[in-house]
Amino acid sequence: MKLVQAAPAAALAALVSASLFAGLSPLSAQELSAAPRRPTLTVTGEGHAAAAPDMARFSTGVISDGKTAREALDANSKAVADMIAALKDSGVEARDIATSGFSVQPQYAPPKKDSTEPPRVVAYQVQNNVSVRLRDLGRLGDLLDKMVTSGANQIGGISFDIAEPAKLEDKARVAAVEDARHQAELIAQASGVRLVRILTVTGNGGVRPMGRAMAAPMLMKADSVPVEAGEAEVQASVSVTYEIEPR
């Protein structure tokens with residue numbers, strides 16, 4: 001009889017224990033997830049890096065007029081061919097020369113006062129422009145002078161750049177992170193809190209090129225076009241979120 005009664009008692013005890021364990025486990029997980037989180041501090045840092053440019057881009061071309069479209073085109077084609085030949089003779093590679101614009105436009109006689117006659121074509125104008133990338137910046141002034149000598153009557157859009165900007169961009173990103181850290185430490189010190197750890201770091205729009213007015217020295221011939229390359233600068237920004245706690 002005792003053995004028969006002991007078995008139900010043991011089974012009942014095991015059932016009660018299992019029920020209690022099942023009831024307590026979710027509570028423990030809930031308590032763990034409900035643990036208080038530390039407050040956070042988010043700052044935005046900006047970094048700059050600058051260097052003298054080592055390459056230039058510009059646009060050059062020829063505008064030609066003629067009584068007929070054929071006449072204007074023939075004159076323009078010869079002048080542009082001479083101009084491109086001068087570029088290549090100066091060491092500019094074919095991959096750095098690209099047509100950027102071409103047009104044939106009729107030219108109209110000025111309308112007479114109170115005239116009802118339709119506009120009258122009196123000539124044609126052809127324009128052909130090429131964009132040029134110069135990898136030897138020291139030759140820019142001489143090359144611009146040679147363009148005019150070879151027949152170009154349109155030059156503009158000069159800009160300066162860095163052939164391999166990756167190192168400059170990396171410096172700007174590092175400076176941005178250091179700036180964010182500096183700001184966070186100042187704010188934490190003034191607020192009486194301590195920086196615990198970094199939770200997130202987010203780049204804000206990558207690296208942006210910026211123009212600067214500082215002049216960089218360039219070696220040019222005395223009779224070449226005077227050119228000031230300035231200084232190329234890039235800017236980077238990051239947002240950093242820190243976990244903080246009272247001191």
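Which residue in E4 does phenylalanine 102 stand opposite? The legends below take up this question and other close-up views. The model is predicted, with local features requiring pLDDT of at least 70 and side-chain atom pairs counted only at pLDDT 80 or more, while totals for chains, interfaces and linings use all residues. Residues are numbered from 1 along each chain as its sequence is written, and side-chain values use heavy atoms, with hydrogens and water left out.

**View 1. Overall arrangement of the protein.** The secondary structure comprises four helices and seven strands, where helices (H or I, at least four residues) and strands (E, at least two) are DSSP runs numbered from the N terminus. Read from the N terminus, the elements follow the order α-β-β-α-β-β-α-β-α-β-β. Of the 247 residues, 28% count as buried; buried means under 20% relative accessible area, exposed over 50%, and partly exposed in between (1.4 Å probe, protein chains only).

**View 2. The open sheet of four strands.** The strand order is E3-E4-E2-E5, and the pairing is antiparallel. Strand E3 (97–108) and strand E5 (154–161) form the edges, each pairing on one side only. From one strand to the next, the twist averages 15°; axes are lines fitted to C-alpha atoms, for helices over the stretch in contact, and angles run from 0 to 180 degrees between N-to-C directions. Two strands pair if DSSP finds at least two bridges between them.

**View 3. Strand E4 and its partners E3 and E2.** E3 and E4 pair in the antiparallel sense over eleven bridges, and phenylalanine 102 stands opposite asparagine 128 in E4. Strand E2 (residues 55–66) and strand E4 (residues 121–134) are also antiparallel, with eleven bridges. Asparagine 128 in E4 stands opposite valine 62, and glutamine 127 in E4 is the bridge partner of isoleucine 63.

**View 4. Strand E7 and its surroundings.** Strand E7 (residues 231–246) is largely enclosed by the rest of the structure, because 14 of its 16 residues are buried. Strand E1 (residues 40–51) pairs with E7 in the antiparallel sense over twelve bridges. Threonine 42 has threonine 241 in E7 as its bridge partner.

**View 5. Valine 201 in strand E6.** Strand E6 (residues 193–212) contains valine 201. This valine 201 counts as exposed because its relative accessibility is 52%. Between valine 201 and valine 238 the C-alpha to C-alpha distance is 6.8 Å, although the two are 37 residues apart in sequence.

**View 6. Helix H4 and the residue that follows.** Helix H4 (residues 166–191) has 26 residues and reaches 38 Å from its first C-alpha to its last, close to the 38 Å expected at 1.5 Å a residue; the expected span is 1.5 Å times one less than the number of residues. Leu168, Ala172, Ala176, Ala180, Ala184 and Ala188 of H4 are buried. Glycine 192 follows H4 and has a positive phi, near 75°.
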